[in-house]
Structures are given as C-alpha cells and as structure tokens.
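Student: Could you walk me through this one slowly? I'd like to start with charged pairs and then move on to other topics.
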Amino acid sequence: KDLVGAAPEFRFVDRGLHDLKGFPTRWRLFEVPWQESAGVPPTDELAAAARRAQAPSPAEPDATALTGLAETLPRPAASPLVGRVQERIAIEQELGISLGGSVRVVSVVGEAGIGKTRLLESAVEAATERGFGPVMVAADEELRGPFFLLRTLFASTSLETLADRASARPSLDEARDVLWGRERGREGLTPPEQVLRVYDAAVLAIRSIAAERPVALLFDDVQWADEDSLKLIRYLVRTSAVSPIVLILGLRPDTVPGVTAAASLLADLERMRLARRLSLGRFSRTETKEFLEHLLSGPVSADCVALLHEWGEGVPFFVEEFVRSYREAGMLRVVEGSWKLSLGPRANLPASVQILIERRLGQLPEETRTVLADAAVIGRRFRLADLAAVSASLGSPTEELDLADRLAPATHAMLLAELPE
C-alpha cells in the first residue's frame, strides 16, 4: 500500500490482521477491489470469476451464513465439547431473552485451558441457529493499545458482512473512519469528546445492524482487553437496552487479588442484572473419560483414564496435550481394542503445558513464587506445618499464617488448591 501511494485508481479495503505462514507476527492485509474504471478492462474469465466470488451460491441460498469465527486464530480442529450442560442451557436462555428485545451479557470465567474458547465456539453455533449474526474476536496478551479489541471487531469481515446484509454499511464505514482517525472535522474536539465520538459511532453501527438482525458479539481473553474497549462495552450496554444484542465475554479469573478493569465491568453489569456469570470447573473423571473417548475415537482403559485425569488435573487442555504427547511418543496405543498407556517411564511434560504454567507463575508476586519453590521440595501435596519446617531448614523461618498469606495469590489464580485435612 505504501508503494502505490495515493494513486486515485486504486482503493484499499482494510481486511484486518491475519496469520501468514512463515511469519511469527500477524500482518494487516488490504484488498484492492476489482474496478473497470481502473483503466485495465478485465478478461471475460476474470470478470466471470469476480462475479462468482461476489454472488451467493444459488444451490445453497443460506450458504453464506456466518460462522462468526472468521477473525479467531486458526485451530487445527475444535476439541470435543464435553459436559458444560448447564452453561450451554444458560447461554440459550440469554439468547432467548435478548430476542425479545434487550441487551444481555454473559461472562464465561475459568482458568487457562479449562475450555472457555470451546464454549464460546459452541455459543456461536447456538446463536446462529437462533438467527443471530455472530462475530467472535479475541484480545491479545502481547498486543495492546487504545481501542485494540474494538479495532479487531470493526476490522472483521464477519461484522462487515453483517452490515452489508443489514444495509448498515454506511454506519460501519463511518465508525471505521472515526476509529482510525480518518474522519474530517475532528480537530476542534477535545480528547474526551473524541473518545465519546468513537463510542457513539461504534454503538450506532452495531445498533444499526441489530435493528435488522439480532447480533451476538463474543470476546475471548477479555482479561487482556484494553480499558477503552471495555468502556465501549459498558457504553453499548447502557445505551442499547432494547436492542437484541448479546455480549459473551470469556476471561480468566484475576491472577492476583484486586480489582481490574474487566472485573469492575462485570461486577457493575451483574449489579445492574444485565450480566450472567458462568464459572467453568475442571472435568470430573467421568467427563475426562468421555473427553478421551472423543479425542481417541474409541474406548479407553480405566487405568489410562485414571492416569491422564490425575496428570491433567481435569483441565481439558492439559489432558489433550498429554494425549498428543504420549501418542507421539508411542506410549499411548490400542491394545486389545482399547487405548492404554504403556508401563514405560513417564513422558516429559508437554512443552505447551509447561509454557502455559510458567507464564501463569510469572504473573504471581515474587514472594509467592519463592514459597511455591520451597513447597515443590515436599511434593504435589503439602501441609503448611511441613512447609514451615522446610522454610526454616533453608534459613528463612516463616509462620504458617504468613505462608498462607503468601500462597493466597497462587490459590486465587487456581494454581494451588486447598484440601481438607
């Protein structure tokens, strides 16, 4: 785009951030729409191809129905959705309430790897079946900036398609111009007025779409969302009470005690009786068994289920990564009609699991990490009295109550669980 410059015969359409093979970071891609006015008449073959690309398939009139997942990170295949029955029913209920003409918010809260994204993907399917136009985007742990999550939403092709079908493209384009600073006449506005202008334009675009078709906006990893985008969500809810809009927010619990912007938003929406919180727990052994049978497409021995459930601690992501790692190592095989783990030495912890745990540990206070390192000397389970003895032997005697206080952030982040005596 920079090489072409401002040549009048070319028009660029921002298609958002995309993953490109061989590049570690996402690239912003632009489309150059075909135009005869560009001075180069297309061949009959190219013109026919352009017409086919722009027209829906006549054999499947609804083949262009949105999946809502166009802007999410590519996943090899969706993991099986096991359990979560009550959560799925709750989402269905909120979708039904919104269809009656009201904005609703659902928060899906759970630790890393617990299956929040998979439940959101299921919600996309449920919303589509009920006639909603779904769009799912995610915040990013490393990429931050003003209105980053909102920019991701408004750069999405899914939202663009919804706007086209609802004849709301002018409102969407106006919101994009405001958001990207392309609007003229903003020079006289103060910074707060400019922010409000962004809110107004964005909300108007979303409500214009919802006036023609109910909208489901799904935001994953909201714990990393920028404050400007979170305020936009608050503004949207407050100004769209009678619009059929459902917001589903996936986020992890706070890693340390305290009130974050996301936690404050959810607390306020719950107080207004507009939000419903769904907390995802770990799998039971029965659910792990069902999950494994889906993953492996066959029966799994009881011993194998017990070991993988213990090692994965009921966290779906951990269980799935153990299955992949052990299968690649030849330790997980079909023996006499069912999947079994060999009796050889236990495989190393999968790198993906190790990295996830290390990143979660890195968010804890240093004193908490120090106490956890001392506890690791004892093993997976420990008593505070034993931990106090270890600390004393290492030259830093600490009272049990002080140790409990230092471990509180790890318990809060669900890296540690308190067990009954």
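Tutor: Let's begin with a term: a salt bridge is a side-chain nitrogen of Lys or Arg within 4 Å of a carboxyl oxygen of Asp or Glu. This is a predicted model, in which local features need pLDDT of at least 70 and side-chain atom pairs count only at pLDDT 80 or more, while totals for chains, interfaces and linings use all residues. Residues are numbered from 1 along each chain as its sequence is written, and side-chain values use heavy atoms, with hydrogens and water left out.

Student: Which residue does R197 pair with?
Tutor: R197 forms a salt bridge with E183, and their closest N and O atoms are 2.7 Å apart. This pair links distant parts of the chain, since R197 sits in helix α7 (residues 191–210) and E183 in the loop between α6 (169–179) and α7, 14 residues apart. Helices here are DSSP runs (H or I, at least four residues), numbered from the N terminus, and strands are runs of E with at least two.

Student: Is R197 buried, exposed or partly exposed?
Tutor: R197 is partly exposed, because its relative accessible area is 22%, and buried means under 20%, exposed over 50%, and partly exposed in between (1.4 Å probe, protein chains only). E183 is partly exposed too, with a relative accessible area of 22%.

Student: What about E328 and R324?
Tutor: Their side chains meet in a salt bridge of 3.5 Å, N to O. E328 and R324 are 4 residues apart in helix α12, so about one helical turn separates them. E328 is exposed at 62% relative accessible area, whereas R324 is partly exposed at 36%.

Student: Switching topic, how many aromatic pairs does the structure hold?
Tutor: It holds 7 aromatic pairs, where rings of Phe, Tyr and Trp (its six-membered ring) pair if their centres lie within 6.5 Å, and planes under 30 degrees apart count as stacked, over 60 as edge-to-face and the rest as tilted. One of them is the tilted pair of W311 and F322, at 6.5 Å centre to centre with 50° between the planes.

Student: Where do W311 and F322 lie?
Tutor: W311 lies in helix α11 (residues 302–312) and F322 in helix α12 (residues 316–328), so the pair ties together parts that are 11 residues apart in sequence. Both W311 and F322 are buried.

Student: And which residues do ring pairs link into a cluster?
Tutor: That cluster is made of F147, Y199 and Y235.
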